[in-house]
Structures are given as C-alpha cells and as structure tokens.
Amino acid sequence: MEKIINVNSLFENKGIAVTYEQAKPCYEKIKEELLNNEIVILDFVGLNIISSPFLNGSIGLLLKDYSEEEIKKRIVFKNIPTGFNNVLEIVINNASKFYKK
C-alpha cells in the first residue's frame, strides 16, 4: 500500500523547510509508515525552499535503520523544488556512508 505525506502540511510556516527541528515530525511520520510496511510518497508540493539540515533530519536519519537501497525503493519523492534533487542525493549518500556499519 501507499501513504502520501504532504510535507508542507506538517509546518506552521508554509513554504519553507530549513531547520533540523522542522524535520522531526516529518521523520516520525515517514518512520511510522515504513514500520507499517507502506510505500511512502513524500510530496513537497507548496515548498519553495528546503535545506540540507531539514533533509538530514527527515531523510538522512532514516539511514540509521534502513539501507540506501531500501529508502530509494520505499520512498517516492514528488514535487521537489527545482535544484533540490541534488541536495537530496548528497544527503542520502552521506548519511548512508555515515551510518554504514
């Protein structure tokens, strides 16, 4: 099954996701759905700015418990603002190396 998470709806300040603190509810929601064996569609619609601290806290932290391959297989990233795909890839690659056992 699939679960859509609208990232922008998790914040009071709409349109920006820049802090590590903002990442916590997103991380918790993703983790919950992954534990329920869902495919997560992470929809960034409405977000204009995303930072690496936010991505580290919401996506990168998942690499503690899941492999890079599993993250890429079970999370679909949708409507990422222009130019942030590269930042997302860097975050995933760095976190994968950091948490590799």
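Three strands, in the order S1-S3-S5, make up an open sheet with parallel pairing, where strands are DSSP runs of E with at least two residues, numbered from the N terminus, and two strands pair if DSSP finds at least two bridges between them. S1 and strand S5 (75-78) stand at the edges with a single partner strand each, so one side of each lacks a neighbour in the sheet. From one strand to the next the twist averages 20°, the angles running from 0 to 180 degrees between N-to-C directions of axes fitted to C-alpha atoms. Strand S3 (residues 39-43) pairs with S5 in the parallel sense over four bridges, and Val40 stands opposite Ile75 in S5.

The model is predicted, with local features requiring pLDDT of at least 70 and side-chain atom pairs counting only at pLDDT 80 or more, while totals for chains, interfaces and linings use all residues. Residues are numbered from 1 along each chain as its sequence is written, and side-chain values use heavy atoms, with hydrogens and water left out.

The structure also holds two aromatic pairs; rings of Phe, Tyr and Trp (its six-membered ring) pair if their centres lie within 6.5 Å, and planes under 30 degrees apart count as stacked, over 60 as edge-to-face and the rest as tilted.

| Pair | Centre to centre | Between the planes | Class |
|---|---|---|---|
| Phe11 and Phe54 | 5.7 Å | 75° | edge-to-face |
| Phe98 and Tyr99 | 4.9 Å | 85° | edge-to-face |

Phe11 and Phe54 are both buried, meaning under 20% relative accessible area, with exposed over 50% and partly exposed in between (1.4 Å probe, protein chains only). Phe98 counts as exposed at 64% relative accessibility, and Tyr99 as partly exposed at 23%.
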